[in-house]
Amino acid sequence: MKRFEETANTNFKKECNSILVPPLSKGGLGGVEECCTILEKWYNLLSVIQTCRFQARSVMTFFREAVEAHSCDLAMPELIPFFQT
């Protein structure tokens, strides 16, 4: 069972890296530029998470709605709440 958990954990890390880390190719990003790109992606994700928490909204629900909207060409969910005056 422990071997399965290690394999699953490794696969999860690889999947996360494939999403968050840009692939390096000849003449591609490297060093500081690559690090800044990765940090920018994390900053964007953490900004969304913090905004949802501040508004007492479910982060997972927001991400699900965003993915559904993106895949179905629907309007994207808003992080800025709409207040009527």
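Trainee: Which helix has the lowest mean pLDDT, and which the highest?
Mentor: Keep in mind that this is a predicted model, where local features need pLDDT of at least 70, side-chain atom pairs count only at pLDDT 80 or more, and totals for chains, interfaces and linings use all residues. Residues are numbered from 1 along each chain as its sequence is written, and side-chain values use heavy atoms, with hydrogens and water left out. pLDDT is the predictor's confidence in each residue, from 0 to 100. Among the elements, helix H1 (residues 2–20) has the lowest mean, 54, and the highest, 91, belongs to H3.

Trainee: And what is the mean pLDDT of the protein?
Mentor: Of its residues, 59% reach 70 or more. The mean for the protein is 75.

Trainee: What pattern does the protein follow along the sequence?
Mentor: Helices (H or I, at least four residues) and strands (E, at least two) are DSSP runs, numbered from the N terminus. The protein has 3 helices and 0 strands. Read along the sequence, that gives the pattern α-α-α.

Trainee: How many Å does H2 reach from its first C-alpha to its last?
Mentor: H2 has 23 residues.

Trainee: Is Val 48 buried or exposed?
Mentor: Val 48 sits in helix H2. Buried means under 20% relative accessible area, exposed over 50%, and partly exposed in between (1.4 Å probe, protein chains only). Since its relative accessible area is 16%, Val 48 is buried.

Trainee: Which residues is Val 48 in contact with, leaving aside neighbours within four places in sequence?
Mentor: Contact means heavy atoms within 4.5 Å. Val 48 and Phe 62 are 14 residues apart in sequence, with their C-alpha atoms 8.9 Å apart in space. With those neighbours left aside, the contacts of Val 48 are Phe 62, Phe 63 and Leu 79.

Trainee: Phe 62 again! Which residues does Glu 78 contact, beyond its neighbours within four places in sequence?
Mentor: Glu 78 lies in the segment after H3 and counts as exposed, because its relative accessibility is 55%. From Glu 78 to Phe 62 is 16 residues in sequence and 8.8 Å in space, C-alpha to C-alpha. Leaving those neighbours aside, Glu 78 is in contact with Arg 57 and Phe 62.

Trainee: Which residue forms a salt bridge with Glu 68?
Mentor: A salt bridge is a side-chain nitrogen of Lys or Arg within 4 Å of a carboxyl oxygen of Asp or Glu, and the structure holds 1. The closest N and O atoms of this pair are 3.7 Å apart. The partner of Glu 68 is Arg 64.

Trainee: How many Å² of accessible area does the nonpolar patch of Trp 42, Leu 45 and Leu 46 have together?
Mentor: Patches are made of residues with over 30% relative accessible area and no salt bridge: like charges are joined within 9 Å, nonpolar side chains (Val, Leu, Ile, Met, Phe, Trp, Tyr) within 5 Å. Leu 45, for one, is partly exposed at 31%. Accessible areas come from the Shrake-Rupley method with a 1.4 Å probe, and for residues only the protein chains shown count as cover. Together, Trp 42, Leu 45 and Leu 46 have about 280 Å².

Technical notes
Expected span 1.5 Å × (residues − 1).
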